[in-house]
Amino acid sequence: MIKLLLFSLLVITLAAPVHPNTAKIYVWRNENGVLVFSDSPRAGAVEVKTKPGNIIQSSTSVETKVLDITPQKIIEKYEIVINTPKNNATIRDNTGSIYIGGGIKPRFKSGLEVQLLLDGKPHQNPQKHSMFSLRNVDRGEHKIKMLLLDEEGKVIASSASVTFYMHRASAN
């Protein structure tokens with residue numbers, strides 16, 4: 001008797017048509033700012049309201065052999081710039097101190113590091129932000145550049161070189 005009841009329930013369930021209004025669509029923006037549509041809800045997702053008649057039912061099957069379903073690696077293109085000091089700026093500081101500030105686009109991601117080059121040589125170790133404070137910089141012309149490094153230490157972006165002039169009073 002139970003087998004007959006279960007078989008009857010299975011047949012009724014499979015025979016009942018799925019009404020298009022029961023399917024829900026959700027939309028959200030992923031970490032790259034791209035809109036994502038799905039039939040599965042997720043935190044921050046908004047349900048899309050559809051009008052009756054917006055559902056298209058295909059009578060033919062879709063040929064999937066021509067679809068490229070191999071995963072594509074997303075390559076993020078980063079840009080790093082030196083905001084301060086400006087190119088060809090003169091810094092007047094008798095202690096030889098200078099503040100260097102940079103900017104990174106898109107938003108700085110965890111695992112990335114910034115290496116400052118002073119006159120073509122690495123200044124200290126790479127760090128997790130783009131602000132540097134240098135002390136006791138010699139008088140004269142200097143060139144700085146910032147390198148953005150990925151998790152493996154590979155350079156993924158570099159800034160334009162900036163020239164500045166350190167002016168310190170001399171003790172003659």
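I took a salt bridge to be a side-chain nitrogen of Lys or Arg within 4 Å of a carboxyl oxygen of Asp or Glu. The structure is a predicted model, in which local features need pLDDT of at least 70, side-chain atom pairs count only at pLDDT 80 or more, and totals for chains, interfaces and linings use all residues. Residues are numbered from 1 along each chain as its sequence is written, and side-chain values use heavy atoms, with hydrogens and water left out.

**Entry 1. Salt bridges**

I searched the whole structure and found two salt bridges. In one, Glu141 pairs with Lys143, and the closest N and O atoms are 3.9 Å apart. I then looked up exposure, where buried means under 20% relative accessible area, exposed over 50%, and partly exposed in between (1.4 Å probe, protein chains only). Glu141 is partly exposed at 49%, and Lys143 is partly exposed at 39%.

Lys128 forms a salt bridge with Glu113, with 3.4 Å between the closest N and O atoms. Lys128 lies in the loop between strand 8 and strand 9 and Glu113 in strand 7, so this pair ties together parts that are 15 residues apart in sequence. Lys128 is exposed at 55%, whereas Glu113 is partly exposed at 25%.

**Entry 2. Overall layout**

I took helices (H or I, at least four residues) and strands (E, at least two) as DSSP runs, numbered from the N terminus. Of the 172 residues, 26% are buried. I counted a contact where heavy atoms lie within 4.5 Å. Among contacts between residues at least 6 apart in sequence, 55% join residues at least 24 apart.

**Entry 3. The nonpolar core**

I defined a nonpolar core as a set of buried Ala, Val, Leu, Ile, Met, Phe, Trp, Tyr and Cys residues joined through side-chain atoms within 4.5 Å. The largest one has 22 residues, and Ile98, Ile100, Leu134, Ile144, Met146, Leu148 and Phe164 touch the most other members. Elements giving two or more residues to this core include strand 6 (98-105), strand 10 (140-149) and strand 12 (162-167).

Which residues does Phe164 touch, not counting those up to four places away in sequence? I found Pro85, Ala89, Ile91, Ile98, Leu118, Val137, Gly140, Glu141, His142 and Ile144.

**Entry 4. Backbone geometry**

Most residues other than glycine have a negative phi, and most peptide bonds are trans. I noted a cis peptide bond between Thr84 and Pro85, with omega about 0 degrees; Pro85 lies in the loop between strand 4 and strand 5. A cis peptide bond also joins Lys105 and Pro106, with omega about -10 degrees, and Pro106 lies in the loop between strand 6 and strand 7.

Gln124 is not a glycine, yet its phi is positive at about 60 degrees. I located Gln124 in strand 8 (residues 121-127), where it is exposed at 59% relative accessibility. Asn136, also not a glycine, has a positive phi of about 55 degrees and lies in the loop between strand 9 and strand 10.

**Entry 5. Strands 1 and 2**

I counted two strands as paired if DSSP finds at least two bridges between them. Strand 1 and strand 2 (residues 35-38) pair in the antiparallel sense over four bridges, and Trp28 stands opposite Val36 in strand 2. Their hairpin has five residues between the strands, and there Gly33 takes a positive phi near 85 degrees.
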